[in-house]
Amino acid sequence: MAKRKKKKRREREKAATVDYRDPEGNVLSLRESLSSGTVAKIASEAPKSEAASVDDAWRRRSELLFERLAVRWEIAGLPLDDQAMLLGRYRMADAATQRWVRQTIADHLERHIPELRD
C-alpha cells in the first residue's frame, strides 16, 4: 500500500483588524473585511423555520456578525481570542455591553463592509 502525500496546508494571511475601545477601556478587535462567501452567507441568512420570530432572526444575525468579525476582546486587561470563548462572553454580557457591541459592529459595517449594514 502506497503512502499518500500529505497536503501542505496553506497559511492564511491574518485579516487586518480595527480596535474599538468602550467607555471602561475594554478593547474589541474586529476584522476589517470578510470573504465574499461570508458576506453572501450573512446577507442571505433567514429564519430556519416559520416559528422563528423577528427577534430570533435579529438575535441570530447579531451573533453571526459577532462570530465572523470579532477576533479579540480584551476585558479588564484579560484578552480573549478563542472563538467559542468570545461568543460565550458576548452572550453572558449585560444588556449595556451587548448594546455597545451591536452599535460598534453597526458602525464598523458602515465604514468597512457597507453591503452588510442594515
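The entries below follow the sheet strand by strand.

I note that this is a predicted model, in which local features need pLDDT of at least 70 and side-chain atom pairs count only at pLDDT 80 or more, while totals for chains, interfaces and linings use all residues. Residues are numbered from 1 along each chain as its sequence is written, and side-chain values use heavy atoms, with hydrogens and water left out.

I looked up the sheet and found it open, with four strands in the order β1-β2-β3-β4 and antiparallel pairing (strands are DSSP runs of E of at least two residues, helices runs of H or I of at least four, numbered from the N terminus; two strands pair if DSSP finds at least two bridges between them). β1 and β4 (78–80) stand at the edges with a single partner strand each, so one side of each lacks a neighbour in the sheet. Neighbouring strands are turned by 15° against each other on average, direction ignored (axes are lines fitted to C-alpha atoms, for helices over the stretch in contact, that is, heavy atoms within 4.5 Å, and angles run from 0 to 180 degrees between N-to-C directions).

I then followed the hairpin of β1 and β2, which has five residues between the strands and, in the turn, G25 with a positive phi of about 95°. Strand β1 (residues 17–21) pairs with β2 over five bridges, and Y20 has L28 as its bridge partner in β2.

Last, I checked β3 and β4, which pair over three bridges, with W73 opposite L80 in β4.
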